[in-house]
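Hello,

Here is the structure I said I would pass on. My notes follow below it.

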Amino acid sequence: MTHHLLSGPEHDPARDAGHENAPPRVGFFTDTSVCIGCKACEVACKEWNAIPEDGLTFTGMSYDNTQGLGASTWRHVAFIEQSVPTSDGRTELPLVSGGGTSASGGELRWLMSSDVCKHCTHAACLDVCPTGSLFRTEFGTVVVQDDICNGCGYCVPACPYGVIEQRPSDGRAFKCTMCYDRLGAGLEPACAKACPTESIQFGELEELRERAALRVDQLHKEGVTEARLYGHDPQDGVGGDGAFFLLLDEPEVYGLPPDPVVTTRDLPVMWRHAATAALSLVGGIALSFALTGLPVRTGRTRTGRKGRT
């Protein structure tokens with residue numbers, strides 16, 4: 001992958017954004033293997049950020065009444081029910097007391113995961129924002145200034161994760177800020193503070209990546225071979241996420257794209273192709289005018305008749 005400001009590994013996005021003497025980049029590590037689905041993170045996020053309610057209706061999707069991230073849901077706890085062939089996994093639960101089985105012959109387990117904005121190293125939402133409403137903070141996170149947002153909506157399709165959304169009431173875009181106001185005061189984000197199992201861990205991003213690798217090794221030694229990290233690799237399509245996860249199944253099971261790529265990565269190539277096409281068009285038009293402007297000469301043909309040459 002060619003390295004430029006829109007893609008590739010980026011060691012310090014905060015300094016590249018103009019923050020001199022920026023502190024170490026911070027982020028989230030969400031260990032889904034210990035998530036109990038209590039939704040304390042959802043409640044804490046809404047309370048601290050004064051987010052309006054948007055999920056008090058029964059959806060029929062297990063115990064999930066918010067369904068996904070949105071303008072008024074900055075933390076979303078997914079409840080994923082699976083039938084599994086054995087009962088070795090730590091997250092498996094029997095259908096009935098005493099060990100019932102599902103129709104497929106296996107037991108039921110719940111995969112629970114608290115999703116959030118990924119605060120990408122290369123954030124397409126930030127790249128396409130025409131007003132500067134989206135900006136990179138000194139902590140390496142990406143924040144929306146709702147008082148500057150003009151509701152154009154360019155950021156919505158730009159996000160490879162489908163995180164950012166506009167509120168129907170006024171059209172402005174909203175998403176997780178990683179509690180930027182709390183970070184400035186030396187506090188951890190409200191969701192991480194409220195998590196009772198430390199499924200959501202907050203800290204310096206490099207230290208979190210090391211901690212996550214050790215956790216995966218531990219789970220593999222305990223027989224949970226399906227444990228894997230998602231969004232931790234600086235070599236991936238978004239340059240690594242500021243919020244990454246330990247998953248117990250494929251990313252698609254959790255509603256995450258398997259191979260996310262920053263949607264603005266190919267802009268330089270696209271602009272070069274557009275410029276080449278434009279120059280070719282201008283050249284063709286200029287040539288046509290030049291040819292039509294040549295003088296017309298008359299003369300005699302071999303038969304003696306006047307002709308046009």
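Met178 sits in the loop that runs between strand S8 (173-174) and helix H5 (180-184). The model is a predicted one, and in it the phi of Met178 is near 55 degrees, a positive value in a residue other than glycine. Most residues other than glycine have a negative phi. Met178 has a relative accessible area of 0%, so it is buried.

His119 also carries a positive phi, near 50 degrees, and is not a glycine either. Its place is the loop between strand S4 (107-116) and helix H3 (124-128). With 1% relative accessibility, His119 is buried.

On the chain as a whole: the secondary structure consists of 8 helices and 13 strands. The chain has 309 residues, and 45% of them count as buried. Its accessible surface is about 16,700 Å², with 56% belonging to carbon and sulfur atoms. Taking contacts between residues at least 6 apart in sequence, 64% join residues at least 24 apart.

Next, the rings. There are 5 aromatic pairs in the structure. One of them is Phe29 with Phe244: the ring centres are 5.2 Å apart and the planes are at 20 degrees, which is under the 30 degrees used as the limit, so the pair counts as stacked. Phe29 belongs to strand S1 (residues 26-31) and Phe244 to strand S11 (residues 243-247), so this pair ties together parts of the chain that are 215 residues apart in sequence. Are these two residues buried or exposed? Phe29 is buried, at a relative accessible area of 1%, and Phe244 is buried as well, at 0%. Elsewhere, one aromatic cluster is formed by Phe135, Phe139 and Tyr180.

Two arginines are placed over phenylalanine rings. Arg75 has its charged end over the ring of Phe28, 4.7 Å from the ring centre. Arg167 lies over the face of Phe174, and there the distance to the ring centre is 3.7 Å.

Last, a residue in a helix. Ala213 is part of helix H7 (residues 205-221). Its relative accessibility is 36%, which lies between the 20% limit for buried and the 50% limit for exposed, so Ala213 counts as partly exposed. From Ala213 to Leu246 the separation is 33 residues in sequence and 9.3 Å in space, taken from C-alpha to C-alpha.

Regards

Notes. Residues are numbered from 1 along each chain as its sequence is written. This is a predicted model: local features need pLDDT of at least 70, side-chain atom pairs count only at pLDDT 80 or more; totals for chains, interfaces and linings use all residues. Side-chain values use heavy atoms; hydrogens and water are left out. Helices (H or I, at least four residues) and strands (E, at least two) are DSSP runs, numbered from the N terminus. Buried means under 20% relative accessible area, exposed over 50%, partly exposed in between (1.4 Å probe, protein chains only). Contact means heavy atoms within 4.5 Å. Accessible areas come from the Shrake-Rupley method with a 1.4 Å probe; for residues, only the protein chains shown count as cover. Rings of Phe, Tyr and Trp (its six-membered ring) pair if their centres lie within 6.5 Å; planes under 30 degrees apart count as stacked, over 60 as edge-to-face and the rest as tilted. A charge sits over a ring if NZ of Lys or CZ of Arg is within 6 Å of the ring centre and within 35 degrees of the ring normal.
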